[in-house]
Every structure is written in C-alpha cells, then in structure tokens.
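Walk me through this protein fold, one step at a time.

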Amino acid sequence: MSVRTILLWPDARLSQVCARFDGSDATVIKDLLDTMYQAKGRGLAAPQIGVLQRVFVVDVTWKEAAPEPRVFVDPVLVSAGHADMRSGEEQCLSIPNLPMQVERPHVVQLEWTTPEGQRISDTFDGILARCIQHELDHLDGRVILDHQTPEGRAALEAVHAG
C-alpha cells in the first residue's frame, strides 16, 4: 500500500491548473486509491498528493457497499445540467473538518481516458456527479471555498484558521 501525504489548503499547489496526465509516475493511480481509502474519502485528485496532472479517482459506494473505484484520466466536462442545480454538503480531504454547502448541477456528462488508454464518455447524476465535479475543480485549481460567497468564505476561513 502506498499512501501519500494529502496537501492541506492553502498549499499553493491546490490553486494550480494541472497539465495533461503523462503517466511518468507509474504508481500515481494506485497511490490515489490507496490514499483515498486510507483517508476515508470518496474522491481524490492528483494535485491533492502533489502531482499536478489531470487524473482523479472516486468511489462513492465503498462506505456502504462493495468498493467501485473509478479512475478518470484527462477528464473533460462535456455538459452540465445547469437547469437542475442542487445544493449539498461537501467535505474535502485537503480542508479537513470543514463541511460546507456547494451548489452544483445534478447531472453532468464527462469524457475521459481509462488507465488502459480508452477514451470514454458517460453521464452521471447524484452524488457521483457531485464528487466528479468536486475532483474536476481540483484539476482546475479550485477548492470548495471558491464556491462560497465572499462573506461565507471569510467566515469559513476564520473557522479553519481558528
């Protein structure tokens, strides 16, 4: 098992836009999964372990049922159902113990490459869509604090700093 250290906000690497996944770190996908499960998370993006490349993993079922790990390499958001926006509580392994409400589209269509090199497109909804959008944000240098109003963010940052 290769568990890596999860970067904590406000580490500057969490604010950087990631480059395409080049595969130079052969263990990064396994390490992302190992680290996510060890941290008891539902998703983890490469920049959260200091790898500034476009890859993330999610598993929204493992806490209640059998694990269903998913790996997304060089993902692209094709469409998001902005007509059906929903607010939900999110937490982030890089901002521990600070849950917050985030409004996101309930349905998204994503295109990505599998670790085996196959390009795929699929539509996701519910908690899986929320988790995918959360991890996509990390690849674009955003965290859940960036979805808050200026006042709400200031209040959450004060709690976090406290």
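Predicted model: local features only at pLDDT ≥ 70, side-chain atom pairs only at ≥ 80, totals over all residues.

D74 counts as buried, because its relative accessibility is 6% and the cut-off for buried is under 20%. The place of D74 is in strand β3.

Now compare N97. N97 also has a positive phi without being glycine, near 60°. This residue is found in strand β5, which covers residues 95–105. Is N97 buried or exposed? N97 is exposed, because its relative accessible area is 73% and exposed means over 50%.

Next, step back to the sheet. Strands of a sheet pair through backbone hydrogen bonds, either parallel or antiparallel. Here, five strands form an open sheet, and the pairing is antiparallel. Read across it, the order is β1-β2-β3-β6-β7. The edge strands are β1 (43–45) and β7 (119–125), and each of them pairs on one side only. Neighbouring strands of this sheet are turned against each other by 40° on average, direction ignored.

Look at one pair of strands. Strand β6 spans residues 107–113. β6 and β7 pair in the antiparallel sense over seven bridges. Find W112, then look across to β7: I120 stands opposite.

Helix α1 (residues 28–38) touches β1, β2 (55–58) and β3 (70–80). The direction of α1 makes about 40° with that of β2. Helix α2 (residues 126–139) touches β1, β2, β3, β6 and β7. The direction of α2 makes about 155° with that of β2.

Stay with α1 for a moment. Why is α1 largely enclosed by the rest of the structure? Eight of its 11 residues are buried, so the helix is largely enclosed. Those buried residues are V28, I29, D31, L32, L33, D34, T35 and M36. What covers them includes β1, β2 and β3. Just after α1 comes K40, which takes a positive phi of about 65°.

Return to strand β6 and pick out L110, which lies in it. L110 is buried, because its relative accessible area is 0%. What does L110 touch, leaving aside its neighbours within four places in sequence? L110 is in contact with F72, P75, V76, L77, V78, I120, S121, D122, F124, I132 and L136. The C-alpha atoms of L110 and V51 are separated by 22 Å, and the two residues are 59 apart along the chain.

A loop can hold buried residues too. Q53 lies in the loop between β1 and β2. Q53 is buried, because its relative accessible area is 13%. Not counting residues up to four places away in sequence, Q53 touches C18, A19, R20, F21, D22, G23, S24, A46, P47 and L139.

C18 counts as buried, because its relative accessibility is 7%. C131 is buried as well, with a relative accessible area of 9%. How many disulfides does a search of the whole structure find? The search finds zero. A disulfide needs a pair of cysteine sulfur atoms within 2.5 Å. The sulfur of C18 is 13 Å from the closest cysteine sulfur, in C92, so the two are too far apart for a bond. For C131, the closest cysteine sulfur is also in C92, but it is 10 Å away, so that is too far for a bond.

C92 turns up again at the largest pocket. This pocket holds about 450 Å³ of space. Its lining is made by 19 residues, of which G41, R42, E90, Q91 and C92 lie nearest its centre. The elements that give two or more residues to the lining are β4 (85–92), β5 and α2. Which element gives the largest share of the lining? The largest share comes from α2, with five residues.

One last stop is on the backbone. P10 is found in the segment before α1. A cis peptide bond joins W9 and P10, and its omega is about 15°.

How values were computed. Residues numbered from 1 in each chain as written. Heavy atoms only, no water. Pairing = 2+ DSSP bridges. Helix = DSSP H or I, 4+ residues; strand = E, 2+ residues; numbered from the N terminus. Axes fitted to C-alpha atoms, helices over the stretch in contact; angles between N-to-C directions. Contact = heavy atoms within 4.5 Å. Buried < 20%, exposed > 50% of the residue type's maximum accessible area, 1.4 Å probe, protein only. 1 Å grid on protein atoms, 1.4 Å probe; cavity = no way out; pocket = protein on both sides within 12 Å on 5 of 7 lines; lining within 4 Å. Points joined across faces, edges and corners; volume = space filled by probe spheres on them.
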